[in-house]
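Here are my notes for you on this one. Have a look at the picture, then go through the points with it open.

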Amino acid sequence: MLLTVDAGNTNIVFAVFEKDKCVLESRINTDSTRMADQYAIALADIMRLHNVEAGKISGAIVSSVVPPVTAQLVNAIKTLTSFEPLTVGPGLKTGLNIKIDNPAELGADLVCGAVAAKTLYNPPCIAIDLGTVTKVMAIDKTGALIGGVLAPGVGAGFRTMAQTTTTLPLVGAGEFSRVIGTNSPDCIKSGIIYGTACMLDGLTEQFEKEIGERCSIVVTGGYSEIIVPHCKRKVTQNKALVSVGMRIIYEKNKGS
């Protein structure tokens with residue numbers, strides 16, 4: 001079994017694959033104050049909850065955009081499995097041609113998501129990750145990552161509205177029936193949720209103009225379930241996109 005660990009700014013996603021089947025996916029809050037043993041305890045508890053034996057984990061790979069957490073996660077995995085996991089970064093084979101100004105600045109999560117998108121979906125492809133930051137990546141017909149867009153994420157939008165105004169409340173992404181809100185909470189929800197959906201529709205249209213072809217579109221990330229239903233374009237939702245990309249990268253490097 002393969003353990004993948006994706007550490008983002010808000011959450012850490014743990015997944016376990018048996019061959020190409022995901023048999024466990026769980027997440028905890030990212031906390032840079034946690035020590036390796038604390039992460040090891042959390043991971044052991046998650047695996048026990050899902051009836052996955054730590055002794056059956058034969059490989060592991062970590063993707064992290066939070067440097068203070070990376071080493072703690074690596075040591076936590078070593079504690080549980082007695083081997084050192086691979087870490088997505090320079091020196092690891094990904095099979096991804098990165099055509100941006102400075103490939104070294106591309107986040108590990110974006111690398112993994114792009115690898116999965118170009119493998120699973122027919123390029124040209126647009127891969128969208130709705131997490132702490134909304135990330136939209138363009139993959140051309142050769143499977144090369146040619147650039148993208150970064151925008152404030154859905155959760156950040158809700159928090160910013162509450163923190164920078166004196167009268168608007170902090171609300172979450174609950175149900176609402178129409179775009180035109182008739183009270184402050186619904187106006188905020190509509191603005192952020194429909195606003196994000198409309199932004200994605202507009203961006204994908206502009207991406208296709210610049211790429212010169214119609215693209216397949218895949219959406220992942222913690223907020224994908226509440227945004228995708230409001231998009232006009234037909235998109236594929238794959239919440240495990242980054243984890244699948246990590247599995248593919250691991251397979252490319254496990255013999256090294």
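1. Strands (E, at least two residues) and helices (H or I, at least four) are DSSP runs, numbered from the N terminus.

2. A word on where this comes from. This is a predicted model, where local features need pLDDT of at least 70, side-chain atom pairs count only at pLDDT 80 or more, and totals for chains, interfaces and linings use all residues. Residues are numbered from 1 along each chain as its sequence is written, and side-chain values use heavy atoms, with hydrogens and water left out.

3. Now the sheet that holds β2. It is an open sheet of five strands with mixed pairing, in the order β3-β2-β1-β4-β5. At its edges stand β3 (21-29) and β5 (86-87), each with a single partner strand, so one side of each has no neighbour in the sheet. Two strands count as paired if DSSP finds at least two bridges between them.

4. Follow β1 in both directions. It runs antiparallel to β2, with six bridges between them, and leucine 2 has phenylalanine 17 in β2 as its bridge partner. A hairpin with three residues links β1 to β2. Strand β1 (residues 2-7) also runs parallel to strand β4 (residues 59-64), again with six bridges, and leucine 3 stands opposite alanine 60 in β4.

5. Next, β2 and β3. These two pair in the antiparallel sense over eight bridges, and asparagine 11 has asparagine 29 in β3 as its bridge partner. Their hairpin has two residues between the strands, and lysine 19 in this hairpin takes a positive phi near 60°.

6. What lies across this sheet? Helix α7 (residues 241-253) lies across β1, β2 (11-18), β3, β4 and β5, running at about 125° to β1. For such angles, axes are lines fitted to C-alpha atoms (for helices, over the stretch in contact), and values run from 0 to 180 degrees between N-to-C directions. Contact means heavy atoms within 4.5 Å.

7. There is another open sheet of five strands with mixed pairing, in the order β8-β7-β6-β9-β10. Its edge strands, β8 and β10 (236-237), each pair on one side only. Helix α5 (residues 184-211) packs on this sheet, touching β6, β7, β8 and β9 (216-220), and its direction makes about 20° with that of β7. Strand β6 (residues 125-130) pairs with strand β7 (residues 133-139) in the antiparallel sense, over six bridges, and aspartate 129 stands opposite lysine 135 in β7.

8. Finally, the largest pocket, with about 790 Å³ of space. Of its 40 lining residues, the closest to its centre are Asp109, Asp129, Gly131, Val133 and Lys135. Strand β8 (residues 145-152) gives the most to the lining, with five residues. On a 1 Å grid over the protein atoms alone, a pocket is an open set of points where a 1.4 Å probe fits, with protein on both sides within 12 Å along at least five of seven lines; lining residues have an atom within 4 Å of a point. Grid points are joined across faces, edges and corners, and a volume is the space filled by probe spheres set on the points.
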